[in-house]
Amino acid sequence: MKVTDYFDKTAGQTLISFEVLPPPKGGGMQAIFDSLDPLMEFKPPFIDVTYHREEFVYVQRAGGYFEKISIRKRPGTVGICAAIVHRYGVDAVPHLICGGFTKEDTENALIDLNFLNINNVLAIRGDARKFDGRFVPEEQGHAYALDLVRQIADMNAGKYLDENIENGERTDFCIGVAGYPEKHFEAPNMDLDLAYLKAKVDAGANYIVTQMFFDNAKFFEFVQRCRDMGITVPIVPGLKPITKEPQLSSIARNFYVNLPHDLVSAVHQAKTAEAKRQAGIEWCIAQSKELKAAGAPCLHYYTMGDSKTTRQIAEAVF
Ligand code: FAD
């Protein structure tokens, strides 16, 4: 079933969903099951699986010189999605990115998903590789998520890259896209970022999942601005609890989000590592309860493999 069908079916209720990462290469599927098993009693209708493109690493060779090599540290997104559907009977939402994909690669990936009957995708651009400095699209690839959304919408209309294909099978993908309550870090201003978000929706995106945020006022303002400019699709808040003190700066640095002073103080003032973790969890529970009371269609938790924390929050909120 499509993600948006769940929202339609349960209008007025708040659903719960989770995002998981593929294990580092060499790891097994059991790690994913171990992190999801304790969460399934909360009945998530869908689970997202992130996509990780290749990265450059420097490897020291004999003689002391360094070789720059390209590796994919966390492959397996599509396989994990199929395994999740098979084990739990819930829908899986693979993330599909522009980085590292030609349009042809994208088309073939979508064909695989269609054949697997996986009909939801989160269409995103991907970040710059570590040593690139800025996002560099593949030759013959997409520079923005907007172009990826257009390609998926074309396939939903039976239009493939090869113009000789007539009456191509119409895929039926429900398309999610990313939104940023605190603005995407590359956007010169919020107005422009929202205009590009609207373009993604106008091109066929069916719902929006937000970047994590720690101040609900920012989310509510974002939703209002989206509505004011005519974005009517469901907007799902993405949530991540702080569980360790160093995350106060690493999350701010890596995700370009602001952490409210009261949250930072609560974590700083807690005396033990466990008390700091509890302070972060309590903040996330309070955020979740307020978002639920405000009628969010779904609360989407970035689990990062930490099912114990996610479970504690879900127990308090659902
Ligand atoms: P876009 O929508 O393409 O926007 C990127 C920037 O370009 C923005 O500043 C926007 O304002 C601007 N822009 C957009 N369209 C245009 C245009 N036509 N012309 C000029 N400027 C434009 N990354 C991964 O690698 N794997 C994942 O699995 C993953 N999952 C994610 C899930 C969620 C819910 C979120 C919020 C992010 C996720 N990311 C993931 C990170 C994401 O790839 C980065 O945030 C990336 O930098 C931007 O992706 P986007 O789809 O928002 O890009």
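Predicted model: local features only at pLDDT ≥ 70, side-chain atom pairs only at ≥ 80, totals over all residues.
## Helices 2 and 3

Helix 2 (residues 29-36) and helix 3 (residues 77-88) pack with their axes 11 Å apart, at an angle of about 50°. The two are therefore oblique to each other (angles under 35 degrees count as roughly parallel, over 145 as roughly antiparallel, 65 to 115 as roughly perpendicular and the rest as oblique). Helix 2 passes helix 3 in a right-handed crossing, the term for a near helix turned clockwise from the far one by less than a right angle.

Residues are numbered from 1 along each chain as its sequence is written, and side-chain values use heavy atoms, with hydrogens and water left out. Helices (H or I, at least four residues) and strands (E, at least two) are DSSP runs, numbered from the N terminus. Axes are lines fitted to C-alpha atoms, for helices over the stretch in contact, with angles running from 0 to 180 degrees between N-to-C directions.

## Two further helix pairs

Helix 6 and helix 7 (residues 216-228) have axes 11 Å apart and an angle of about 60° between them. That makes helix 6 oblique to helix 7, and helix 6 passes helix 7 in a right-handed crossing.

For helix 10 (residues 273-293) and helix 11 (residues 307-317), the angle is about 40° and the axes are 9 Å apart. Helix 10 is thus oblique to helix 11, and the crossing is right-handed.

## The shell around the ligand

Helix 6 turns up again at the ligand, where it gives the most to the shell, with three residues. Strand 5 (91-97), strand 6 (120-124), helix 5 (145-156), helix 6 (190-202) and strand 8 (207-212) each supply at least two residues.

In total, 23 residues surround the ligand, and Tyr51, Asp127, Tyr180, Asp193 and Lys200 are the closest (a residue counts if one of its heavy atoms lies within 4 Å). They divide into 13 nonpolar, five polar and five charged; Ala, Val, Leu, Ile, Met, Phe, Trp, Tyr, Cys and Pro count as nonpolar, Asp, Glu, Lys and Arg as charged, and the others, Gly among them, as polar.

## Polar atoms and burial

Polar side-chain atoms of Asp127 and Lys200 each lie by an oxygen atom of the ligand, at 2.6 Å for Asp127 and 2.7 Å for Lys200. Taken alone, the ligand exposes 980 Å², of which the protein buries 87% (Shrake-Rupley method, 1.4 Å probe).

Terms used: Polar contact = N/O pair within 3.5 Å; in protein donor to acceptor, adjacent residues only side chain to side chain.
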